[in-house]
Amino acid sequence: MKNQVNQSPVVNIFNEWDPLEEVIVGILDGLTIPSYEPVMEGCIYDKAKSIFKTQYGKRWPKDEIDAAQKDLDEFIGILKSEGIKVRRPDKIDFSKPFAGPEWKSVCGLGAANPRDSLFVIGNDIIEAPMGWRSRYFECFAYRSLLKEYFSKGAGWVSAPKAQMNDNLYNKDFKSRNNEYVINNFEPIFDAADFIKCGRDIFAGVSSTCNEFGINWMQRYLDNKYGVGTFRVHTFRFNDQHPMHIDTTFYPLAPGKLLVHPERVVDIPKMFKDWDIIKAPNPCIPSTHPLYFSSPWMNLNVLMLDEKRVIVEKNEENTIKELKKHGFKPILCNFRNFNSFGGSFHCATLDIRRTGTLQSYF
């Protein structure tokens, strides 16, 4: 047998702030308007619902896509200038219809936000069992990369594929506290419903993540890494449209936690010695089109290390607040990309950061 040479793992992620070496950045190619479906009742804001009900199967407005692409190109340029390797998903035709045995979708959505569909922890990449029918095959855009990472030693697994029949969705759902559009019929989560902090992983129950899904994640990590290696904590936030934790609760660096000032009512006791940063009001105009989210994209920053952080260029309140807490903001135009479901954290998937597994509590 030939002697094996010790090499750094191709996939290595334990938190949100170790020095970033390699990242997947989403693409806007093929982005399509999906039809209104049950999960949207819990997470899409009322003013945005009409486009999914009337324009489904069509491309998004070209001028908005072009503006978002300009922002995305600027963002990628910054990442490369900071010495980070940028990878991209394959271009997929998301306009084709598809179906499961008990449901159908007129089209897919796209691959703009890889953080939603893939969860990376340690050297593992986990495909999420998303509750969006329109996003059922979204992971296929990343299959070339997943095969490559797997061939170089990374773990690759898919959570149980969801049946997504009508039993999953609560009938006559009305958005209000402590009620979600999905129930515990089967394990469901978007990968962005989890955020990493070393041995501790925080999960938000939402309209895209149920307790069954969180339990599956804990069980998987226990079986793969040993009981107690990772601790998954379940949170519920004061949010009428809960979806994804990284615009609500975001550990930026050791001892520093960024939170939404209204959604996070009680700070968990485990953070009693941390610097709690309450996000200031966003600066994005109320007239700016946001099809999937609230204006609070200002929390959705990307840490390049414990100090450097990429922030939307026009979010002056957030920039000032981060500087006050010792961070070094790197400014980038990204407001036009915000229209399509996220900001810097959503638009990326960390693949490799320099660091090891630690406990911060």
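The largest pocket in this predicted model has a volume of about 170 Å³. Its lining is made up of Ile 92, Asp 93, Phe 94, Lys 96, Pro 97, Phe 98, Gly 108, Ser 134, Phe 137, Glu 138 and Phe 140. Sorted by class, six of the lining residues are nonpolar, two are polar and three are charged.

Helix 3 comes next. The buried residues in helix 3 are Ile 65, Ala 68, Asp 71, Leu 72, Phe 75, Ile 76, Ile 78 and Leu 79. These residues lie on the same side of helix 3, because the arc they cover around the axis is only 155°. On the face turned away from that buried side, helix 3 carries the exposed residues Lys 62, Asp 63, Lys 70, Lys 80 and Ser 81. After helix 3 comes Gly 83, with a positive phi near 85°.

Strand 5 (residues 118-121) and strand 6 (residues 124-127) run antiparallel and are joined by four bridges. Within this pairing, Phe 119 has Ile 126 of strand 6 as its bridge partner. Strand 5 is covered on both faces. Leu 118 and Val 120 are buried on one side, while Phe 119 and Ile 121 are buried on the other.

Technical notes:
Residues are numbered from 1 along each chain as its sequence is written. This is a predicted model: local features need pLDDT of at least 70, side-chain atom pairs count only at pLDDT 80 or more; totals for chains, interfaces and linings use all residues. Side-chain values use heavy atoms; hydrogens and water are left out. Buried means under 20% relative accessible area, exposed over 50%, partly exposed in between (1.4 Å probe, protein chains only). Helices (H or I, at least four residues) and strands (E, at least two) are DSSP runs, numbered from the N terminus. The arc is that of the directions from the helix axis to the C-beta atoms. Two strands pair if DSSP finds at least two bridges between them. On a 1 Å grid over the protein atoms alone, a cavity is a set of points where a 1.4 Å probe fits but cannot get out, and a pocket is an open set with protein on both sides within 12 Å along at least five of seven lines; lining residues have an atom within 4 Å of a point. Grid points are joined across faces, edges and corners, and a volume is the space filled by probe spheres set on the points. Ala, Val, Leu, Ile, Met, Phe, Trp, Tyr, Cys and Pro count as nonpolar, Asp, Glu, Lys and Arg as charged, and the others, Gly among them, as polar.
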